[in-house]
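User: I'm new to this one and would like a quick tour. Could you take me through it step by step?

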Amino acid sequence: MSTLATVPLAGIARNLSGKTAETIAYKPHILSTWNHGMPANDKAWEVLETGGSILDAVEQGVMVTENDLSNLSVGLQGLPDREGIVTLDASIMKGDGSCGAVAFVRQVKHPISLARKVMENTPHVLLAGEGARQFAIAEGMPLEEEVLSPNAEKAYERWKENAKYQPIINIENHDTIGMIGLDETGSLAGSCTTSGLAYKMHGRVGDSPIIGAGLFVDDQVGAATATGLGEEVIRICGAFLIVELMRQGRTPQEACEEAVRRAVAKSKNLDSTQIGFLALNKEGSFGGYAIRPGFNFAQHHANGRSLIDAGSWFN
Ligand code: SD4
């Protein structure tokens, strides 16, 4: 009997009949994780409308979130690791397989743009830590002063009171932005950027800069991105899995649900784990699904913009 067979089937049936995303197709079509995706999508849409490429759109879209001083989970104003240092992860990918990423990088205001520079200006896919920071300097990206934002500072001081120096994994302390988009010619691209799990161990890297885990895009099939506890997403190669399931004929919604089912089957921390997936196929249909309620995503297309509550494994 496979491990997957240990997942209660009743759970699947209950959730498959529950709330799911609408399945109408749109082209162009932009999707982003969480409500901070709304202004990010607006920017991406504006980029497309003014003649930018889908890659420009997904880069500039998530830069809005990286710039948002009220956001504690993306960009330099995000929550720090347990040493009080903010380290960022980001990745970007085009449907032709070009991709770039940075991990565990400090002082860079727009890690998504640094990821794009890795993609376009180096023979590599992923630069990490000090090397990524040096590359930012070499590319003329100014480094920011290393200070916590006032909100992050307050939260970190509060966390230290009871933290026992353990990273706390819960369903609230991580809200990456992952954006996937399709232009009217059928080209796809995606971006993903985060300050990662709050109060993580110094050096910890999540799923967001790992191509195939936090982000995967293939013009032949579609695109997927992830949010939530990165360790669980990496374990199942979440975004790649979803794209491969779509290649085999699943709808974006079905593919997201199957990926959640696999993550649930493998999770050793189910009580405290949240993961959300978002998928878009090359026809412009989409889906989203999470382990537990609370995951929402932003959608933008020619007929409008909305925030959608994703269905979930647990009710
Ligand atoms: C991580 N997946 O570093 C990221 C955090 C996150 O929604 O998504 N949050 O594990």
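User: Let's start with C99: is it buried or exposed?
Analyst: First, a word on the source: this is a predicted model, where local features need pLDDT of at least 70, side-chain atom pairs count only at pLDDT 80 or more, and totals for chains, interfaces and linings use all residues. Residues are numbered from 1 along each chain as its sequence is written, and side-chain values use heavy atoms, with hydrogens and water left out. Buried means under 20% relative accessible area, exposed over 50%, and partly exposed in between (1.4 Å probe, protein chains only). C99 has a relative accessible area of 12%, so it is buried.

User: And C256, buried or exposed?
Analyst: The relative accessibility of C256 is 0%. That value makes C256 buried.

User: How many disulfides are there?
Analyst: A disulfide here is a pair of cysteine sulfur atoms within 2.5 Å. Going by this rule, the count is zero.

User: Which class does C237 fall in: buried, partly exposed or exposed?
Analyst: You'll find C237 in the loop between α7 (230-235) and α8 (238-247). Helices (H or I, at least four residues) and strands (E, at least two) are DSSP runs, numbered from the N terminus. C237 isn't a glycine, yet its phi is positive, about 45°. Its relative accessible area is 41%, so C237 is partly exposed.

User: What is phi for W34?
Analyst: Most residues other than glycine have a negative phi, and most peptide bonds are trans. W34 sits in the loop between β1 and α2 (37-49), and with 10% relative accessibility it counts as buried. Its phi is positive although W34 is a residue other than glycine, with a value near 65°.

User: What is omega for the peptide bond from K27 to P28?
Analyst: P28 lies in the loop between α1 (9-16) and β1 (29-33). The bond from K27 to P28 is cis, and its omega is near -5°.

User: Which residue's backbone oxygen does the side chain of T194 reach?
Analyst: T194 belongs to strand β6 (residues 188-194) and is buried, at 2% relative accessible area. Contact means heavy atoms within 4.5 Å; leaving aside neighbours within four places in sequence, T194 has contacts that include V74, L88 and T176. At 3.2 Å, its side chain reaches the backbone oxygen of S73.

User: Zooming out, what share of the protein's residues count as buried?
Analyst: The protein's secondary structure has nine helices and 13 strands. Out of its 315 residues, the buried share is 59%.

Notes. A polar contact is a pair of N or O atoms within 3.5 Å; within protein, one must be able to donate a hydrogen and the other to accept it, and residues adjacent in sequence count only if both atoms are side-chain atoms.
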